[in-house]
Amino acid sequence: MTLDPSTSRLPYPSPAPSPPNSISFNPMASTSRISVLASSRAVLEGKLTAATVVISQDSGKVTSIFHSVLPASDFPPGTTYTDHSPHILLPGLVDAHVHLNEPGRTEWEGFWTGTRAAAFGGVTTVIDMPLNAIPPTTTVAGLKEKVQAAQGKCWVDVGFYGGIVPGNVSELRPLVQEGVRGFKGFLVDSGVPEFPAVSATDIALAMAALADEPTTLMFHAEMIPPVSDSVGDDVQWSLPPLAPVGPLNEYATFLASRPSSFEFYAIAQILSLAHIAPNLPLHIVHLSAIEAIPLLREAIANGVKITAETCFHYLSLAAENIRNGDTRHKCCPPIRSKTNQDGLWEELTDEGGCIQTVVSDHSPCTPNLKLLPASITNPTGSDHVHKTTTDQDDEEGKGNFFSAWGGVSSVGLGLPILWTEACHNDRDVSIEDVVRWCSTNTAKQVGLEHRKGDLAVGFDGDVCVFDDKAEFE
């Protein structure tokens, strides 16, 4: 296999080659099959403008762009033409953090349903995390099994990450050669036994193996802080969070069990090893604690190649508003305070900040695994209804934040969530900002910036039509 020279990564599965950028398009002279999308508002090269976008139905590529709304009469008879004015044409979103769980846990979510939900929300590319499928994507064999499982089921483009776990360092370079878009490891228990946490030694080995590879090394950055200088590596890295103190159905108890210090110390540990592979891009997934931001900013100022992402739920939900027992809000790291949320927004809206992308961390499960109590699932139900012994037994353990599966499912809802939060809370956010965070920068993160993340000639014809005024519940 040969490397893609535009990114020094292996080619991403793609349609047939598109015309080179130097070829101009004359719509009246064309005999190729095309689709034309137009609007008085479109985001092109990061700017809002009127546009007409011409896409080849044969290659799936953008073949021409005009910075005005051309009428249908300018194109050959029979051309598929839609003027979406006043709605906004956006580059399709690239969600660089989703869990699709197939094969192995397809009842939680699979490629068919997960990618269909993505398409519903204007997400045209998703990158699947190396867990929670069985087997995980920690070996070439596991990757091939996952790719095979995806055949004929994807509504949008799908890429895959590899995983780093203890003992799989020999698989990392072969996974790069097979085209994975990066690697992820956990510094704390992942929640599934087939994807164990890595130690500092494992991280050092992975960095050394990937030091000169065209890839990115990513981390779920939580760890129990060291309690003394003599605490061994196993204690710091391999144990789950400490035992909770307080009622298990109270969100405050869960939040206190995973404090901001967990993220701070994990990121500090990662940065202490960064010298092993100074040219290897590092990335912190789902950053939730603002206390870690100064640490990341200092590292970047000192030349460390590290970025961070945050998630739609951290930017829109706050701990103060989460009801006890409402385990729909359980995720790790946890949703923190409103003050913390404001700090994430402040860093995100600073173009020079360490948070460069916003993703879903879509992590679904079957409803029963959320252990939701009746007070949440049936809030309008009558409290005076007689409960049998069986009913009472069924309620035991419900609302337990420590037993419920952790994950928020939002792959098809990120764009309206982000836009609603920005508009309703005077965040001074433009649609161009949203494109940068959710499309341009996420495409760059996974090495697809030469074909996704913008509406440009030669790029994939991935388009999201966004009604920024509509409301729904």
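Mentor: Let us begin with Lys 370, which is buried and yet has no salt bridge, the nearest side chain of opposite charge being that of Asp 326, 8.1 Å away. A salt bridge is counted here when a side-chain nitrogen of Lys or Arg is within 4 Å of a carboxyl oxygen of Asp or Glu. Please keep in mind throughout that this is a predicted model.

As for its place in the chain, Lys 370 is in the loop between β14 (355-359) and α11 (374-377). Its side chain does have a polar atom that lies 3.3 Å from the backbone oxygen of Lys 330. If we leave aside the neighbours within four places in sequence, Lys 370 is in contact with Thr 327, Arg 328, Lys 330 and Cys 365, and also with Ala 404, Trp 405, Gly 406 and Gly 407.

Asp 326 is buried, at a relative accessible area of 3%, whereas Arg 328 counts as partly exposed at 45% relative accessibility.

Turning to the charged pairs elsewhere, the structure holds 20 salt bridges. One of them joins Lys 452 to Asp 157, where the closest N and O atoms are 2.6 Å apart. Because Lys 452 lies in the loop between α14 (431-445) and β15 (463-466) while Asp 157 belongs to strand β8 (residues 157-160), this pair ties together parts that are 295 residues apart in sequence. Lys 452, at 4% relative accessibility, counts as buried, and Asp 157, at 26%, counts as partly exposed.

Arg 173 counts as partly exposed, at 45% relative accessibility.

For the cysteines, a search of the whole structure finds 0 disulfides. The sulfur of Cys 311 has its closest cysteine sulfur in Cys 331, and the 7.6 Å between them is too far for a bond. Cys 331 is likewise in no disulfide, the nearest cysteine sulfur to it being that of Cys 332, 6.7 Å away. Cys 311 is buried, with a relative accessible area of 0%, and Cys 331 is buried as well, at 3%.

To place these details in the whole, the protein chain has 14 helices and 15 strands, and 54% of its 473 residues are buried. Among contacts between residues at least 6 apart in sequence, 76% join residues at least 24 apart. The accessible surface of the chain comes to about 20,400 Å², and carbon and sulfur atoms account for 54% of that area.

Definitions and conventions
Residues numbered from 1 in each chain as written. Predicted model: local features only at pLDDT ≥ 70, side-chain atom pairs only at ≥ 80, totals over all residues. Heavy atoms only, no water. Helix = DSSP H or I, 4+ residues; strand = E, 2+ residues; numbered from the N terminus. Buried < 20%, exposed > 50% of the residue type's maximum accessible area, 1.4 Å probe, protein only. Contact = heavy atoms within 4.5 Å. Areas by Shrake-Rupley, 256 points an atom, 1.4 Å probe, with all protein chains shown as cover. Disulfide = S-S within 2.5 Å. Lys, Arg positive; Asp, Glu negative; His and termini not counted. Polar contact = N/O pair within 3.5 Å; in protein donor to acceptor, adjacent residues only side chain to side chain.
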